[in-house]
Amino acid sequence: MAKAVELAVEEVNDAGGVNGRQVKLYQEDDATDPATCLTAIKKLVELNDVKLIIGSMTSGASMTCGPYVAERKVLLVSPSATSPELTGQPWRDYYFRTCPSDTFQGKVMAKIALDEGLKKAVILAMDNPYGTGLAKVIESALGGEAEVLTVIKYDPAKKDYLTELTQIKNLNPDGVFHIGFNDDGRVIYQQALNLGLDKMRWIGCDGVYGTGMFATKAAAEFMAKAMVGTRPASPEGGKYEEFRQAYLAKFNTEPEVFCDTIYDATKLILDACAKTGTDDPAKVREALLSLGRDYEGVSGRLTFDGQGDRISGVYELWAVVKKGEEYAFERVRLIEAE
Amino acid sequence: MGEFAQILLNAAITGSIYLLAGTGLTLTYGLLRFPNFAYAEFITFGGYIGYLLLQKPDGSLPLAVAAAFFATGLLSLFSHLLCFRPLVNRRASLIPLMVASIGLGYIIRYSIGEMWSWAALSYQPVWQAFDLGPVRVTALWLYLIGAALFTGIGLHLLLTRTKTGKAIRAIAGNPDLALVSGINRDRITFFTCFLGAGFAGVAGVFRAADTQLSPVLGWDILLPIFAVVILGGIGSFYGLIMAAFLLGLAENFGVILLQAVGLSTEYRMAIAFLVLILVLIFRPKGLAG
């Protein structure tokens, strides 16, 4: 992801920099760990006198670093912290995010269920902020159009879900929303196949996306039979395609997930500096709020709400297909959520 | 009604794993008078031996079970000879033996992690599933319950009908009297160490087949297994059978209860222990005590 920042900074510097000066980029690794991230940010702020930071990469690290940056009045723009719990935090004045909150993913998941005409659903969610957060959003987005029979919260470390799945079997819903990760997902799908739960529609999320799922053959078979799912995606064509070509030319590899939102974060910050003629975080913050209205970014159209949360997102609807003896994820279509 | 049947089947699956895994623990406690924590890793080790044969989709489960039984039995025999027997001969008390077993467990666990990787692995066969009336069963579950029944009946016959079995009971009941009546305690202990750990290895294969394989496979279920062993009255095989299915039932109905009140199912262990505490208040020596 850092490569996309280098690309953006290089483009700006090649065009003469910002306010007549070249942009200097400092890099620290937050290791997606809250404590490491806070140490890294403190170093950047105290030692390197940095005022504008792209990060934190995860929601957990954002929770830890948010209060610190608010107190020091330095600006943090995250390209990848998606938890709905970050919305409405008291320290949000100096924290933006260019990725959509999972709220939108939950809405998309609910919409898929309603489009398929599902009437009775069960939500199976891991018991952590990601799982319970998405579960709440899905339940409210269904808005009574489909009945939620029950919400089952489970321990992702337990790795035996036969009883939970038996309950689903007994409730006999048309569909199951599952919010989990790869490790617990593999066991759940294997056991769900054993229980014959592949006859109902399963709707997954970005946490269960990944070829790691196919390490368990029964899980792969189950996903091909019963599942579709969502994940944040980059738009197709337009500005994203220009970015992709530039990225390919410079690094000789495809941009990964969140490379587009981190590129937009970088460009937005630098545009805001140019607009205000300063790098003062308080002024850059104001400029970001006004720039972030229908901004045409490489990650699609971007608008911030009053606290710096993005109010729309692009998601992919995926399915699993069997090709010969191999399994693969396939894009069904892109869905824009607002 | 059908709902009830599926839950009973789940309880039987959970209970069968606990029974297989707890057998060795309770039998060796009867002989050596210490809880052997390395049993967690004996279970895991069995799972990995099974993986050698079941990493291909056409692997044979019976062969994997047999291999896990013998390999784990041998591992336990070696650990008895190299670690526990010298300690017992030096009249080590409960705590040093227990700590030694925890240490041995760590050695085995980390060796497995280094040899096979710490990431979770999966057995490759996909088990055939079919509907028996309202109940969904897989071939794997039938094998598992069959193995537990076979173990239960086989051990009952062993303990009541054979000289070796009677000797095991004699030592567990009164070690000094058994010694003076000419029972070869070493030979009986070797036999029990091998047999008990063999069953734990088999439990590992079934657990890994039903979920997935990782170096903490056994450690993750050691707590409920201890609960089963204590609930049954540690050292008592018949109490163990009752306790295994009682705890299986408690966990499975517990999940439904938790869910009904909106709690996460991760509290299921708490329910199992609630049952344990209640039973121990009224029957301090366990079900068989």
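**Chat about a predicted two-chain model**

Q: Where is the place of A:Asn252?
A: In this predicted model, A:Asn252 is placed in the loop of chain A that runs between α9 (238-251) and α10 (259-276).

Q: And what is phi of A:Asn252?
A: Phi of A:Asn252 is near 60°, and that is a positive value in a residue other than glycine. As background, most residues other than glycine have a negative phi.

Q: What about A:Lys73, what is its phi and where does it sit?
A: A:Lys73 is a residue other than glycine with a positive phi, in this case near 55°, and its place is the loop of chain A between α3 and β2 (75-78).

Q: Which residues does a cis peptide bond join in chain A?
A: A cis peptide bond joins A:Gly55 and A:Ser56, with omega at about -5°, and A:Ser56 belongs to the loop between β1 (52-54) and α3 (59-72) of chain A. For context, most peptide bonds are trans.

Q: Changing topic, how many residues of chain A are in contact with chain B?
A: 32 residues of chain A are in contact with 32 residues of chain B. The area buried between chain A and chain B is about 2,800 Å², and carbon and sulfur atoms give 42% of that area. On the side of chain A, the residues that lose the most area to chain B are A:Lys158, A:Thr163 and A:Asn194, which together account for 21% of what that side buries.

Q: How many salt bridges and polar contacts are there between chain A and chain B?
A: Two salt bridges are counted between chain A and chain B, along with 18 residue pairs in polar contact, both residues being at pLDDT 80 or more. In one salt bridge A:Glu164 pairs with B:Arg268, where the closest N and O atoms are 3.1 Å apart.

Q: Which elements of chain A give two or more residues to the side that touches chain B?
A: Those elements are β5 (147-154), α6 (162-171), α7 (182-194) and α8 (217-226) of chain A. By class, the side of chain A that touches chain B has 12 charged residues, with 10 polar and 10 nonpolar ones.

Q: At what angle do α7(A) and α8(A) cross?
A: The axes of α7(A) and α8(A) cross at roughly 75° and come within 8 Å, which makes α7(A) roughly perpendicular to α8(A). In this contact A:Arg186, A:Tyr189, A:Gln190, A:Ala192 and A:Leu193 of α7(A) meet residues of α8(A), including A:Phe222 and A:Met223. The residues of the contact divide into seven nonpolar, one polar and three charged.

Q: And in chain B, at what angle do helix α6 and helix α8 cross?
A: Helix α6 (residues 163-173) and helix α8 (residues 185-210) of chain B have axes that come within 10 Å and cross at roughly 105°, so α6(B) is also described as roughly perpendicular to α8(B). Among the residues making the contact are B:Ile168 and B:Ile171 of α6(B), with B:Ile188 and B:Phe191 of α8(B). This contact is made up of five nonpolar residues, two polar and one charged.

Q: Back to salt bridges, how many are there over all chains?
A: A search of the whole structure finds 27 salt bridges over all chains. One of them is between A:Glu10 and A:Lys250, with the closest N and O atoms 2.6 Å apart. A:Glu10 lies in helix α1 (residues 2-14) of chain A and A:Lys250 in helix α9 of chain A, so this pair ties together parts that are 240 residues apart in sequence.

Definitions and conventions
Residues are numbered from 1 along each chain as its sequence is written. Chains are lettered from A and ligands numbered from 1 in the order in which they are written. This is a predicted model: local features need pLDDT of at least 70, side-chain atom pairs count only at pLDDT 80 or more; totals for chains, interfaces and linings use all residues. Side-chain values use heavy atoms; hydrogens and water are left out. Contact means heavy atoms within 4.5 Å. Buried area is the accessible area (1.4 Å probe) that two parts lose on being put together, summed over both. A salt bridge is a side-chain nitrogen of Lys or Arg within 4 Å of a carboxyl oxygen of Asp or Glu. A polar contact is a pair of N or O atoms within 3.5 Å; within protein, one must be able to donate a hydrogen and the other to accept it, and residues adjacent in sequence count only if both atoms are side-chain atoms. Helices (H or I, at least four residues) and strands (E, at least two) are DSSP runs, numbered from the N terminus. Ala, Val, Leu, Ile, Met, Phe, Trp, Tyr, Cys and Pro count as nonpolar, Asp, Glu, Lys and Arg as charged, and the others, Gly among them, as polar. Axes are lines fitted to C-alpha atoms, for helices over the stretch in contact, and angles run from 0 to 180 degrees between N-to-C directions. Angles under 35 degrees count as roughly parallel, over 145 as roughly antiparallel, 65 to 115 as roughly perpendicular and the rest as oblique.
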